[in-house]
Amino acid sequence: MKYKNWIGGNWVDAKSGRTFQSISPADNSDILGEFPFSEKQDVNAAVEAADKAFHDWSHIPSPRRGELLFAVGELLKGRKEELAKIMTREMGKVLNEARGDVQEAIDMAYYVGGEGRRLLGYVTPSELPNKTCYAIRRPVGRVALITPWNFPIAVPSWKIFPALIAGNTIVWKPAQDTPRIAYEFSRVFEEAGIPKGVFNLLFGFGREAGQALVEHAKIDMISFTGSVDVGRHIYEMGAKKINHVHLELGGKNPILVMEDAGLELAADAILWSAFGTTGQRCTACSRLIVVESVHDPLIAILVKKAKKLKLGNGLNADVEIGPVINKTQLKSIHDYVELGIKEGAKLEIGGKIATEGDLAKGTFYMPTIFTGVTPEMRIFQEEIFGPVLTVSKAKGYEHAIELANDTQFGLSSAIFTRNVYTAQRAIDDLEAGITYINYGTTGAEVHLPFGGVKNTGNGGREAGQAAIEQYSEWKTVYIDYSGHLQKAQGID
Ligand code: UN1
């Protein structure tokens, strides 16, 4: 079936008529549809529509905008199973995880919908008599949202819902690998009755659609989740227009295991963090750092458990690990594994493209564990975004922290210890936006800030109250009711 862009409330083809296909990574013969290959002229139409809709939308009281998000939440709830199945087909994550992805958006809809009745500002006294001052939130304007394929409903919901509640209009370009689920998500907004032009959906690729969108003079803000290289480019483009640019970039998230850790619990958490979503989360654990005394027993448990993980099409209930997103990613992951071997790391398990039986229909990679990994190795430093875990030995707590922080990234982190002092110190010492104690690196909840330090981002956070901060700007109001000219700063 052929799908269309959604611009100004109308479903339209790309002006050029060009299209691209969405292919299931679990079964390359399963095509999820044909989508408009958008270019500059389509971007122009979408931004114009967002611009036209801005005045009216931003003047609707925010509690009313919140009601729309509640309706979206209800519709998502009713369609959870249907959406999860399409997501599994298109993106590959196993059905249970796809359900979680939709659930994250449902949670976000209610959480952010409620914000419509707050959008808190503040009132303070003035330094002068008969004068009052307060600060309120105003929308930023026309916002461009560019989202990744790995959380094709959850991550867009982190951006779309807060942008809308704060009164912005949006142009959304979802990843080219997951257009179908983006279409289904957008249909929910149409059904909920969002006014024309408030939400515009544009399919396509970064080079054409993405580039034209971030460059557009009428775009006031850009929010992007993806790679550091693309993020840096977008930041530069945004800088030319003095745009507010919000970036969520890579991760190389460590789990530290101390000598007093519960090893069984740690192993289960490590496997879930490293191989859940086939390692394709920006919060995935890709570096395990273990103190020497528990290294060998922990590796033995991990290897034993990892061998039992079942790969396959995520629609089958017994499957634990789905495919990787596409052939380019599959090759990139395998190239990293070959590099790791060359760099001198020891391959404990995996290291192969999986092709037995039905796996040959898609892009599958065996869960892979390397031991003996040191910080000079590229597999320790670079984000692989696949089911590859590196293990490094630490001499003790200080060394473990030093290894954990030896990275350009700082999104998530975790430590396994039963010692309250060690746990508390790690919260202070780990350079990351998120730290888990006795839990893996994934599973952030929607009402808390999400994001990271160093090259993971440019200082902003998604979700929680922080999201409202991203998508609004302060308006400061001074009201003088003295009836004569009073000058501030003590000027007579
Ligand atoms: C991502 O990988 O881009 O915390 C987001 C988690 C999920 C979201 C991950 N709730 O792992």
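Is Ala14 buried or exposed? At 6% relative accessibility, Ala14 is buried (under 20% relative accessible area, with exposed over 50% and partly exposed in between, using a 1.4 Å probe and protein chains only). This is a predicted model, where local features need pLDDT of at least 70 and side-chain atom pairs count only at pLDDT 80 or more, while totals for chains, interfaces and linings use all residues. Residues are numbered from 1 along each chain as its sequence is written, and side-chain values use heavy atoms, leaving out hydrogens and water.

**Around Ala14**
- Ala14 sits in the loop between strand S2 (10–12) and strand S3 (19–23); strands are DSSP runs of E, at least two residues, numbered from the N terminus.
- Leaving aside residues up to four places away in sequence, Ala14 touches Asn5, Pro36, Phe37, Ser38 and Asp42 (contact means heavy atoms within 4.5 Å).
- Lys40 is 26 residues from Ala14 along the chain, and their C-alpha atoms are separated by 9.9 Å.

**An open sheet**
- Three strands make an open, antiparallel sheet in the order S5-S6-S21; two strands pair if DSSP finds at least two bridges between them.
- Its edge strands, each pairing on one side only, are S5 (122–125) and S21 (472–480).
- S5 and S6 (residues 131–139) are joined in the antiparallel sense over four bridges, and Pro125 stands opposite Thr132 in S6.
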